[in-house]
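Please keep the sequence and the coordinates at hand while reading.

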Amino acid sequence: GNSTTRSVSIRYDATPPTLSGVTPAPRVGRIGLRWKASPDAVRADVSRSPGSARAARSVVYSGSARAFTDTAVQIGVKYAYSVTVYDAAGNSASRTVRTRPAALEPATGAQLAKPPLLRWEKESGARYYNVQLFRGSTKLLSEWPTRAQLRLRRSWTYRDRRHRLTPGHYRWYVWPGLGSRADHRYGALIGHSSFSIVR
């Protein structure tokens with residue numbers, strides 16, 4: 001019946017890490033995510049719904065970073081992203097955001113200080129594209145890039161007239177070109193957007 005008793009103190013961590021500022025940044029063909037977590041967060045999991053390969057939900061990232069860019073997205077689909085951060089004791093905190101990829105860049109209504117890079121979703125079967133730029137009802141530019149993007153310039157010549165990208169509001173449209181340019185065959189409008197140049 002002899003016995004010895006010794007007490008041992010155990011530090012039990014039941015406090016979850018903090019998670020805030022989960023911010024989506026939709027772009028053409030990708031969605032970026034950023035989040036803020038407390039220093040004790042050692043891992044983050046990002047799950048997406050709908051998931052990959054027709055799954056209802058998939059984990060698309062797991063690691064220690066505070067940002068992730070998802071490139072396996074489709075235009076027109078709305079996605080829900082759940083970010084869960086964990087501390088060393090396994091406590092967790094989660095937040096969910098919903099967004100969809102941008103069809104065009106820059107975003108409609110963007111205010112810019114320099115000529116933008118216009119981007120759009122690549123169209124299957126398109127050999128080139130037709131991009132038209134307007135200010136008011138006046139067409140200022142029509143170009144035929146072979147890639148799904150076009151860098152505007154500060155000045156250019158269109159129909160023997162010199163134009164400049166001065167402060168103001170602009171609209172642009174893009175169509176897919178089918179066959180050779182000599183055929184003058186175009187598919188349905190991919191999309192249109194607008195931006196403003198500010199001083």
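Trp120, Tyr129 and Trp172 form a single aromatic cluster. The model is a predicted one, and the values below are computed from it. In total, the structure holds eight aromatic pairs. One of them joins Tyr128 and Tyr186: the ring centres are 6.0 Å apart and the planes stand at 80°, so this pair is edge-to-face. An angle over 60 degrees is what places a pair in that class. Tyr128 belongs to strand S11 (residues 128-135) and Tyr186 to strand S17 (residues 185-186), so the pair ties together parts of the chain that are 58 residues apart in sequence.

Tyr186, at 34%, counts as partly exposed. Buried here requires a relative accessible area under 20%, and exposed requires over 50%.

Tyr173 and Trp175 make a further aromatic pair, this one stacked, with 6.1 Å from centre to centre and 20° between the planes. Tyr173 has a relative accessible area of 19%, so this residue is buried. Trp175 has 22% and is therefore partly exposed. With the cut-off for buried at under 20%, the values of 19% for Tyr173 and 22% for Trp175 fall into separate classes.

Aromatic rings also take part in contacts with charged groups. The charged end of Arg43 sits over the ring of Tyr86, at 4.2 Å from the ring centre. In the case of Arg181, the charged end sits over the ring of Trp144, and the distance to the ring centre is again 4.2 Å.

Trp120 leads from the aromatic cluster to the strands, as the bridge partner in S10 of Leu104. Strand S10 covers residues 117-120 and runs antiparallel to S8, to which two bridges join it. Both strands belong to an open sheet of three strands in the order S8-S10-S13, with antiparallel pairing. Its edge strands are S8 (104-105) and S13 (149-151), each of which pairs on one side only.

In general, the strands of a sheet pair through backbone hydrogen bonds, in either a parallel or an antiparallel arrangement.

Another open sheet of three strands has the order S1-S2-S5, and its pairing is likewise antiparallel. Here the edges are strand S1 (19-27) and strand S5 (67-70), each pairing on one side only. On average, neighbouring strands of this sheet are turned by 15° against each other, with direction ignored. Strand S1 pairs with strand S2 (residues 30-37) in the antiparallel sense over seven bridges. Within this pairing, Thr23 stands opposite Arg34 of S2.

Which strands are joined to S3? Eight bridges link S3 with strand S6 (residues 79-87), and the two run antiparallel. Ala41 has Asp87 as its bridge partner in S6. Strand S3 is also joined to strand S4 (residues 58-63), by five bridges and again in the antiparallel sense. In S4, Val59 is the bridge partner of Ser47.

Asp45 is placed in strand S3 (residues 41-49). Its relative accessibility is 15%, so Asp45 counts as buried. The side chain of Asp45 makes a polar contact of 2.6 Å with the side chain of Ser62. Neighbours within four places in sequence aside, Asp45 is in contact with Tyr61, Ser62, Ser82, Val83, Thr84 and Tyr86. Tyr86 in that list carries the ring over which the charged end of Arg43 sits.

Ser82, another contact of Asp45, is found in strand S6. With a relative accessibility of 11%, Ser82 also counts as buried, because its value lies under the 20% limit. Its side chain is joined to that of Thr96 by a polar contact of 2.8 Å. Not counting residues up to four places away in sequence, Ser82 touches Asp45, Val46, Ser47, Arg57, Arg95 and Thr96. Ser47 in this list is the residue whose bridge partner in S4 is Val59.

Notes
Residues are numbered from 1 along each chain as its sequence is written. This is a predicted model: local features need pLDDT of at least 70, side-chain atom pairs count only at pLDDT 80 or more; totals for chains, interfaces and linings use all residues. Side-chain values use heavy atoms; hydrogens and water are left out. Two strands pair if DSSP finds at least two bridges between them. Helices (H or I, at least four residues) and strands (E, at least two) are DSSP runs, numbered from the N terminus. Axes are lines fitted to C-alpha atoms, for helices over the stretch in contact, and angles run from 0 to 180 degrees between N-to-C directions. Rings of Phe, Tyr and Trp (its six-membered ring) pair if their centres lie within 6.5 Å; planes under 30 degrees apart count as stacked, over 60 as edge-to-face and the rest as tilted. Buried means under 20% relative accessible area, exposed over 50%, partly exposed in between (1.4 Å probe, protein chains only). A charge sits over a ring if NZ of Lys or CZ of Arg is within 6 Å of the ring centre and within 35 degrees of the ring normal. A polar contact is a pair of N or O atoms within 3.5 Å; within protein, one must be able to donate a hydrogen and the other to accept it, and residues adjacent in sequence count only if both atoms are side-chain atoms. Contact means heavy atoms within 4.5 Å.
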